[in-house]
Amino acid sequence: MKIKRTLLLTLLIIFSVGLERDSEEWKMYIEQTSFPWLHVSDLNGLENEALNIYGVKQIPYNFLLDKNGMILERNISLEELKDILASL
């Protein structure tokens, strides 16, 4: 099953947590990648508060949340995501 970008963006909200310490470096990365989602950072690098709160030990890392913000899955593969979306 091929996930169309528009379908994916209507079903999911994606955001990226930047691990840069330099705001200009972080902004340049966002411009260069042109990923169409929200980017956030506290500019604390690997001491990022979100990493500690959610126990992220590697990057990239992902979470699948329900509509209430509860974590359903952690660090799932694209194939697992496709299966979950296909079951909706």
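**Salt bridges and exposure**

User: What makes the meeting of the side chains of K82 and E79 a salt bridge?

Analyst: In this predicted model, the N to O distance between the side chains of K82 and E79 is 3.5 Å. A salt bridge requires a side-chain nitrogen of Lys or Arg within 4 Å of a carboxyl oxygen of Asp or Glu, so the pair qualifies. Local features need pLDDT of at least 70 and side-chain atom pairs pLDDT 80 or more, whereas totals for chains, interfaces and linings use all residues. Residues are numbered from 1 along each chain as its sequence is written, and side-chain values use heavy atoms, without hydrogens and water.

User: Where do K82 and E79 lie?

Analyst: Both belong to helix 4, 3 residues apart, which is about one turn of the helix. Helices (H or I, at least four residues) and strands (E, at least two) are DSSP runs, numbered from the N terminus.

User: Is K82 buried or exposed?

Analyst: The relative accessible area of K82 is 18%. Buried means under 20%, exposed over 50%, and partly exposed in between, with a 1.4 Å probe and protein chains only; K82 is therefore buried.

User: How many salt bridges does the structure hold?

Analyst: The structure holds 3 salt bridges. One of them joins the side chains of E24 and K27, at 3.8 Å from N to O. These two residues are separated by about one helical turn because they are 3 residues apart in helix 2.

User: Which residue forms a salt bridge with R21?

Analyst: The partner of R21 is E47, and the closest N and O atoms of this pair are 1.9 Å apart.

User: How do you know the exposure of R21 and E47?

Analyst: With a relative accessible area of 52%, R21 is exposed. E47, at 48% relative accessibility, is partly exposed.

User: What is the place of V17, and what does V17 count as at its relative accessibility?

Analyst: V17 is located in strand 1. Its relative accessibility is 32%, so V17 counts as partly exposed.
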